Every structure is written in C-alpha cells, then in structure tokens.
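Thanks for making time. Please have a look at the sequence and the structure before I start.

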Amino acid sequence: MILAGLAAATITVAAAFPPRVAGAEEVTAECKAAYLADYDSGTVVYAKNETERLPIASMCKVMTLLLSFEAVDDGALAYDEQITVSDNAAGMGGSQVFLEANCQYPVSQLMKSIVVCSANDSCVALAERIGGSESAFVDRMNERAQELGANDTLFANCTGLPKEPQYSCAKDVALMLRALLSHEKYFEFSRIWLEDFTHPDGRTTSMTNTNKLIRFYEGCDGGKTGFTNQAGFCLAATAKRGDMRLISVVIGAESSDKRFESAKNMMNYAFNAYESRKLVEAGKPCEFSVSVRGSKIKEIGVMPEHTLTAFAKKGEKTDAEVRYELKEDVKAPVQAGDCVGEAIVYVNGVESGRTNLLAASGAERYSYGDAFLEGAENWN
C-alpha cells in the first residue's frame, strides 16, 4: 500500500486488556511526596504532593548525568576522554570515590561512579569539564530543567549537597529521570551492583550500588538515591516488566527501608493493576510505503523511530488508535532515516504518545539520464 498526504492512514487497534488482578492493593507511600508514572506514555498512576518544592539531595545528580550523556551525544565529550581532576573536585566531601587531584580519569569511569555510588567528586570533575566551572554547569542544569518543563526545580550545585536556595519536586524528578533513561549507555552503569573503581596509581575504591532495588526488586534496572538530614531519604527508580516500564519517585521518607518499600508498593500496584500494549515498534517496517517525487525510485518503506504503547487499567474499556500522518509531498533526494511523517497513539481519544516515521531506504534525485530515459519511455 502506497500512501501520501497528511492523515493518509488511520489504523484502529483493538486493545483487549485482560481483567484486573483480583485484590490489587492500593498505593501506600510513606513519605512527604511521591510520584508514579508510565515511562512510555507519561501517564500518571499515583501522585502525592507531587509539585511541592522540597530538597532532593543526591537525586539532583539525575540532571548532572543527563547533561553528561547529552554532551557525549553532541560531540562535546567522549567516553574515552581523560579528564584531569582539580583540587576542588578531589576535595569534595560526602559520598565519593576519592579521586586523586591532578590525575586523569576517563569520562566513562567518572560517569559510572556517579550512577553506581553517587560520587560527588566525579560530579564536580565532569561539571568543570563540561561547563568550564561548576557554577556555569549549574546554570545549564537550571536551563535544561526549564526545557523539560520542570518548573518547580532550582539547582544550586551539581551534587545535591546542602546549599540554599535549592529544591525540586517529585514530578520534576520523574521528568528528569525519564529523559535520562532515553540513553541506553546509562543502563550499562545502572545495572552494576558491586565493582571496583581503579585509580591511575593502581589503588581501588569499592563501589556498591546505593539503589538496593537493583538487586532485590524484579525488573529494576536504574535509579538514584539521595539523603541529607534536610531532605530525608529519597529515591527515583525505574523498573521494567514485559512491555511496561515505570518511573517512581519518593521524597522525604523517614528511613532508607521506607523509601524502598514506598517505591516497591507503588510499582507493585501498577504492575498488577495496569497493562502496557505495544502498538508501534521501533525499527519495524510499517505495512505501507510512501510515494516519492523526482526519483526513479517511486516508493520507499517507512518505520517508526521509537516504540509506542497503550497504557491502561486492566478491566477498563480501552480504545487505542494509531494514526499515521505523512508529509504531503516527499521529494527526492531522500536519505534513509529522514523523517517523512509521524505516528500518533490515542488512548480513549486522548493523545498518549507520538514518534517520527523514518524512511527505511534512500531515493536519489533523477539524474539527467534518468529523466531522459523516463521521458523516452513515456513518449513510446
């Protein structure tokens, strides 16, 4: 099937969600603020004081990591680049890997130490390299927060160590973690439970993941803990089972155990009471192609850039629809990976996600010879 033009195809998908699990427990979160959402659609499952401005301790490192990964994506930083650690970075207190001042460490190792054991010294070393200074880096942290829609967030440093004014909220932390999770490299670090950090002189620092759910909760493969006397015990965590990935945030729990229990209770509820159904799969060719003008290749295949799902409560009537909107006029030259439209998912009439439709192959513009031959064929 060849399609062209906006809203050229609308495919309705029957979402036969199975009955809700009997006896699914309601959510309990013993903390000052909490938030639980579906990763793919952003659908909120549970919220408690989600926009209240509170200190979040080391969870602010979610933004530090996000900017670090994005610097690599932009070509401003490389994983194998060697960073010389300043006296300022090496002198940071709190959780750390005891970096040696004036010694060089690879970017990947510094990032890993932040993910696994919340290393403050590594945070400052990266911030100084990316921003030129920690203060300039913090400015960018605040700019990026606004870009993400995290309007109840203000950073004062890149570590989360106490400093005023500084705050965020459960909803904003979820937005930042969702952005971070789009970087596959992150999961190479976040799944580590125990590993030695090796210094240039050969000494080692043992790193243990501060997120206990990595080891003790099914499907958990990422997140960030935080604690100060002011913030209490905090946790941002993600877990995936089947096609469903969840994001949970806990701020201000009274103990370490209560933050983990609160996150588990929230995610247990969602995994029991909701289902995620894959409707559009990244990289999988669509059942239609798009016509191309100005090339001897008359049509090209199309595939979604990202996976889209329908997220809904089990047992509730759910209408899911995928709408493919193609560009009105696709002209050569077209390269594989060029955007030629969008796929949009609607659940019960409300948009829940969209992704670009990419050209699966290229189509070169007519050469003079191609145009001559086609004209000759049409003449005959």
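A salt bridge here is a side-chain nitrogen of Lys or Arg within 4 Å of a carboxyl oxygen of Asp or Glu. Side chains of opposite charge can pair when their charged atoms come close.

Two notes on the source. This is a predicted model, in which local features need pLDDT of at least 70 and side-chain atom pairs count only at pLDDT 80 or more, while totals for chains, interfaces and linings use all residues. Residues are numbered from 1 along each chain as its sequence is written, and side-chain values use heavy atoms, with hydrogens and water left out.

How many salt bridges does a search of the whole structure find? It finds 23. I will show three of them.

Take Arg 53 and Asp 152, whose side chains meet at 3.1 Å, N to O. Arg 53 is in the loop between strand S4 (44-48) and H1, and Asp 152 is in the loop between helix H5 (134-148) and helix H6 (170-180), so this pair ties together parts that are 99 residues apart in sequence. Helices (H or I, at least four residues) and strands (E, at least two) are DSSP runs, numbered from the N terminus.

Arg 53 has 46% relative accessibility, so it counts as partly exposed.

Next, Arg 144 and Glu 70 form a salt bridge at 2.9 Å, N to O. Arg 144 belongs to helix H5 and Glu 70 to helix H1, 74 residues apart. Arg 144, at 14% relative accessibility, counts as buried, and so does Glu 70, at 16%.

Glu 342 sits in strand S17 (residues 339-347) and Arg 354 in strand S18 (residues 350-359), 12 residues apart. Salt bridges that share partners also join Glu 70, Arg 140, Glu 143, Arg 144 and Glu 147 into one network.

Now the cores. A nonpolar core is a set of buried Ala, Val, Leu, Ile, Met, Phe, Trp, Tyr and Cys residues joined through side-chain atoms within 4.5 Å. The largest has 66 residues, and Val 249 and Ile 251 have the most contacts inside it. Helix H1 (residues 61-73) gives the most to this core, with 8 residues. A second, separate core of 29 residues includes Leu 36, Ala 237, Phe 271 and Tyr 274.

Conventions
Buried means under 20% relative accessible area, exposed over 50%, partly exposed in between (1.4 Å probe, protein chains only).
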